[in-house]
Structures are given as structure tokens and as C-alpha cells.
Amino acid sequence: MRGLWRELEVRFAFADTAALVGRGVVIHDCDPAGAVVFGEALTVGALLSVMLDGNERYSLRFDYRGEAGTVLVDVNARAEVKGLIGNSHLNGCGGDRDRIYGREEAMLSFVKSDGGRVLNSGQTSCGLASVAGDAGMFFSLSDQLETEFAVELEFRPDPADPVAAAGGFMLQAMPDCDLERFAAMREKLHERAFRELLIDRMLPFEKKLKRMLAYLAPEPAVYELGLEPRYHCGCSADSMKRALLTLGEPELRKLFAEKPHPELCCRYCRRKHVFAASDFDLGGTK
């Protein structure tokens, strides 16, 4: 859902991302610690979808100096999210955030595009050792609009269905917002009571939202239901074929001579695409 406190000039987004995060964590074989980092990134991506229209999409890249490595997230206006995590097995870090994210500041790169055409891009360093925190800092600096994300995740010991609950909330100050009031709302986002509401599985979606809105501010808010976030990769045999074509004919001939049925694995969804020489026009190559 997305909405606005008109009196406060504050907009917000709320997403239940349990299905999205669950799918992403299983695809990338995340252990519990890796699932926290990756799940946070996917949830941030889902929340950003409410700021997109038509064929627009956001792509964010977090380059951490710790063992998490690079975290990518990509989202479109239909709340279709995909992502990558450099190291999905982080249990060995023992919860040490310095080991996970690194002691040095991370670099966050951002691209907003429309049908492949870049509309806006930017890059900044950020050192909050949290995907949600670093994303909030980035948008506050790049768009000059104070932004805050809150993400909460709950897991269960089931490798096939590891996410019990996941949710995210985004606050963003509009140009005429009272920033002192916004700061107070921002602090409430991270209070335990609000975090518990965010992943309360007993409350219906809209009722949960109303309670969170009342918790953050007594003023009335308007909102609308959006699309359900889901993990989606648009890879296809054709797109993978185009990637192979960049090798050029000599390299393709060599490839098929060495391996008659090479396969390409999509790094976002792990789907494998198998090819044969007959799929390409190589001047009579069998």
C-alpha cells in the first residue's frame, strides 16, 4: 500500500514481503544470516516500486567491504523484484556486523531507467551497515527528500519455506514537511512496538496498516492498495542467446566444438538455458 498524510506532507509505503523474500532466499540458498541481508534488500526494492510508473525501474547496487560482498536489487512498477547477494552464507560471521558489512563505508550505486533509457543515476558512500539504513541515507542525499526504511523479518527452520513473516515500511518527507515532526516519526519506525506490528501475522493487511498509521501520527492519512510484491526474473532463452552472440562467431564455433550443449545459468533466478549450435546461424556448423 502507498499513501500520504496530507496535513504532514509525508508519504509512505507498506509492503508484506514474506512471499517475495521466501522465494528469493530459496533461489539463492541463503543461510539465516544471509537471508537477513538479502531479505532486507528485496523488501526495500518492493517499497520503491510505489515510486515508479509504466516501464520505469530502479536498480540499486550495494558494494559492501565485508563478507556480504555486493548486493543487487532491481524492481519495476509492477512490484516485480529480483536480486543478488555476493555471499549468501554469512552464519560464520556470528552476527558481527563489521564482518558482514565491513568496517569501511559501502558504495551505493543507483539507476532509474525507463525501457532501457537511463533517467537518473547516482552514487554515494554510506556506512550504516544495513541495507535499509544505507538506502534511506542514499535517497535522503540524492533526492534531497528525507527517507527512512524499516524492515522486519521472521524466519522458521524450514528450508523449503524459511520465511514466517516479512514486512517493510517507508517514510518520505515531501518538500513542505516539518522535518522535526518527521524526525519523531522516523524514530517511531524503529521502536519495538512498531516492529512487532510490521510482522504481526494475526492482523489482516489493511487493519495492520491502520494501526501502524495511528502509531506513527494521529492525523488522518489516505492510501491505496498496490500490487503484491513477488520475486520475478524476466530472463528467457532469447535474452540468453543474445548474450552468447556477443562472443562473436569464432568464439561460438570454438564453444560448440568443445561442448555441444552449453548451458547458461541466470544469476538472478538460477534458471538454466541449454543451447546447441543449431540455435545459431554459424554458416553450416552442425
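Modeller: I begin with a criterion: a salt bridge is a side-chain nitrogen of Lys or Arg within 4 Å of a carboxyl oxygen of Asp or Glu. This is a predicted model, in which local features need pLDDT of at least 70 and side-chain atom pairs count only at pLDDT 80 or more, while totals for chains, interfaces and linings use all residues. Residues are numbered from 1 along each chain as its sequence is written, and side-chain values use heavy atoms, with hydrogens and water left out.

Colleague: Which residue meets the side chain of Arg2 in a salt bridge?

Modeller: Helices (H or I, at least four residues) and strands (E, at least two) are DSSP runs numbered from the N terminus. The pair links distant parts of the chain, with Arg2 in strand 1 and its partner in strand 10 (residues 222–224), 222 residues apart. At 2.8 Å from N to O, the partner of Arg2 is Glu224.

Colleague: Is Arg2 buried, partly exposed or exposed?

Modeller: Buried means under 20% relative accessible area and exposed over 50%, with partly exposed in between (1.4 Å probe, protein chains only). The relative accessible area of Arg2 is 33%, so Arg2 is partly exposed.

Colleague: How many bridges pair strand 1 with strand 2?

Modeller: Two strands pair if DSSP finds at least two bridges between them. Arg2 stands opposite Ala13 in strand 2, and the hairpin of these strands has four residues between them, with Glu9 at a positive phi near 60°. Strand 1 (residues 2–5) and strand 2 run antiparallel, and their bridges number four.

Colleague: Which residue of strand 9 is the bridge partner of Ala15?

Modeller: Strand 2 and strand 9 run antiparallel and are joined by seven bridges. Five of the seven residues of strand 2 are buried, so this strand is largely enclosed by the rest of the structure. The bridge partner of Ala15 in strand 9 is Gly168.

Colleague: In what order do the strands of the open sheet lie?

Modeller: The sheet has six strands and mixed pairing. Strand 7 (117–126) and strand 11 (230–231) each pair on one side only, as edge strands. Strand 5 (residues 80–85) pairs with strand 11 in the parallel sense over two bridges. The order is 7-6-3-4-5-11.

Colleague: What angle does the direction of helix 2 make with that of strand 5?

Modeller: Axes are lines fitted to C-alpha atoms, for helices over the stretch in contact, and angles run from 0 to 180 degrees between N-to-C directions. Helix 2 (residues 32–48) packs on the sheet and touches strand 3 (56–63), strand 4 (70–76), strand 5 and strand 11, where contact means heavy atoms within 4.5 Å. The angle with strand 5 is about 150°.

Colleague: How far apart are the axes of helix 2 and helix 4?

Modeller: Val37, Glu40, Ala41, Val44 and Leu48 in helix 2 meet Val131, Ala132, Ala135 and Phe139 in helix 4. The two helices pack at an angle of about 35°, and the distance between their axes is 8 Å.

Colleague: How many of the 10 residues of helix 1 are buried?

Modeller: The buried residues of helix 1 are Ala18, Leu20, Val21, Gly22, Gly24, Val25 and Ile27. Their cover includes strand 2 (10–16), helix 2, strand 5, strand 8 (147–155), strand 9 (163–173) and strand 11. Helix 1 (residues 18–27) is largely enclosed by the rest of the structure because its buried residues number seven.

Colleague: How many disulfides does the count come to?

Modeller: A disulfide is taken as a pair of cysteine sulfur atoms within 2.5 Å. Under this rule the count is zero. For Cys30, the nearest cysteine sulfur is that of Cys93, 13 Å away. Cys233 is likewise in no disulfide, and its nearest cysteine sulfur, at 3.5 Å, is that of Cys266; the count therefore stands at zero disulfides.

Colleague: Which residue forms a salt bridge with Arg201?

Modeller: Arg201 is in the loop between helix 6 (192–198) and helix 7 (205–216), and its partner is in strand 8, 47 residues apart. At 54% relative accessibility Arg201 counts as exposed. With the closest N and O atoms 2.9 Å apart, the partner of Arg201 is Glu154.

Colleague: What is the total number of salt bridges?

Modeller: Arg78, Glu80 and Arg230 are linked in a network of salt bridges. Another pair is Arg181 and Glu219, at 2.8 Å from N to O. The count comes to 17 salt bridges.
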